[in-house]
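Please look over the sequence and the model shown here before reading the report that follows.

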Amino acid sequence: MAPTHVLRCCQRGLAWIPVIFIALVVCWSYYAYVVELCIFTIPSIGEKIVYLIFFHLSFIMFVWSYWKTIFTNPANPSKEFCLPKAEKERYEKEERPESQQEILWRAATSLPLYTRTGAGAIRYCDRCQVIKPDRCHHCSACDMCVLKMDHHCPWVNNCVGFSNYKFFILFLAYSLVYCLFIAATVLQYFIKFWTNELPDTQAKFHVLFLFFVAAMFCISILSLFSYHLWLVGKNRSTIEAFRAPVFRTGSDKNGFSLGFRKNIAQVFGDQKKYWLLPVFTSQGDGLTFPTRLVTADAEQATVTLQPEPDKSAVNIPVSPLSESQNRLLNSDQHANNIEDHLANNTLKSADSETITISMESES
């Protein structure tokens, strides 16, 4: 037990190396730009003042968003997604997968679950011993289930998910602005040092190297930032981009897409004045998410997505969902669906008409 604990501590310590590396690079870039460039190299007082003002604005926003991304704890499933003690003991003693699924289906009667495994089963984490909410995944690095998990980022030594995804996007944005500003303002002095128009001083090395580092980070950050902006516009996580979420009738990569504007609001919130600040404004609670269109099949207990409503179906408008109660369907309907599923596993009923209710969620 002791060697395992020591190994775990060593892994946690080594995980901070990328963060320390970034911190050292940022500290050096601050010294090189403020001291070596602005104080010792730039002759114009007015130019120094303008450069220092804009540099510190971008520097503060970059460090603020980076700090929030690192030290915001990932959101985890609430206690309602844990199995009751009696059901948990039955689940652990049961050896047959079919019987285990029956236990999970009964426990999920009051839970807003609409995504399944590839085989159509309830998503359950044996490690954390919780029923996974929609878009929740287990992070092996953090050893926990993370709500709306996007990925584990070694450069922030944290899981990027529902609680800090906005901070991560802003971190990419402000780091790109920081690097672009440095590269653009250093360029003319880089050329002067390179062509020997300025005398060889200690600042020469810092200015030349500062330009190369800023340009290199610009290229790498720009591609990553563009990719995540595309994900935000589609309302997908990185995991969902590679493996589409599975609903009752199969996988659908656009299952959570509500349209470009609403997709943006899901991450950044409704109030645009807070969009550029690293403060939490994302919609919802991370446990449930609205979808484009939900069809509940009362006979088959299905919850599926459709691109267009059926003309023969009865259309029932649904009021916009609040941030704390953005449920796809109400709990009673969901409970009835689960009970129907359990009944269908034990009884074979005669063919009957299927009643389809199309519900469009506007959020």
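This is a predicted model: local features need pLDDT of at least 70, side-chain atom pairs count only at pLDDT 80 or more; totals for chains, interfaces and linings use all residues.

## Confidence in the model

Residues are numbered from 1 along each chain as its sequence is written, and side-chain values use heavy atoms, with hydrogens and water left out.

The protein chain averages a pLDDT of 83, and 80% of the residues score at least 70. Confidence is highest in helix 3, at a mean of 97, and lowest in strand 12 (residues 356-360), at a mean of 32. Helices (H or I, at least four residues) and strands (E, at least two) are DSSP runs, numbered from the N terminus. Residues 295-336 also have a pLDDT below 50, and this stretch has 105 contacts in the model beyond near neighbours in sequence.

## The nonpolar interior

A nonpolar core is a set of buried Ala, Val, Leu, Ile, Met, Phe, Trp, Tyr and Cys residues joined through side-chain atoms within 4.5 Å. Here buried means under 20% relative accessible area, exposed means over 50%, and partly exposed lies in between (1.4 Å probe, protein chains only). The largest nonpolar core has 51 residues, of which Tyr33, Phe55, Tyr165, Ile182 and Val186 touch the most other members. Two or more residues of this core come from each of helix 2 (17-39), helix 3, helix 6 (165-194), helix 7 (202-234) and helix 9 (260-268), and helix 6 gives the most, with 18 residues. Leaving aside neighbours within four places in sequence, Tyr165 is in contact with Asp150, Val160, His228, Leu231, Val232 and Val267. A second, separate core of 23 residues includes Phe81, Cys145, Leu147 and Phe289.

## Charged pairs

Side chains of opposite charge can pair when their charged atoms come close. A salt bridge is counted when a side-chain nitrogen of Lys or Arg lies within 4 Å of a carboxyl oxygen of Asp or Glu, and by this rule the count comes to 5 salt bridges.

| Residue | Partner | N to O distance |
|---|---|---|
| Arg90 | Glu87 | 3.6 Å |
| Arg96 | Glu94 | 3.6 Å |
| Lys204 | Asp200 | 2.9 Å |

Arg90 and Glu87 are separated by about one helical turn, because they are 3 residues apart in helix 4 (residues 85-93). Arg90 is partly exposed, with a relative accessible area of 44%. In the next pair, Glu94 is partly exposed at 26%, whereas Arg96 is exposed at 52%. Lys204 is buried, with a relative accessible area of 18%, whereas its partner Asp200 is exposed at 58%.

Glu94 also meets Gln100, which touches Tyr91 and Glu94 when residues up to four places away in sequence are not counted. Gln100 belongs to helix 5 (residues 97-107) and counts as buried, at 19% relative accessibility.

Notes: Contact means heavy atoms within 4.5 Å. pLDDT is the predictor's confidence in each residue, from 0 to 100.
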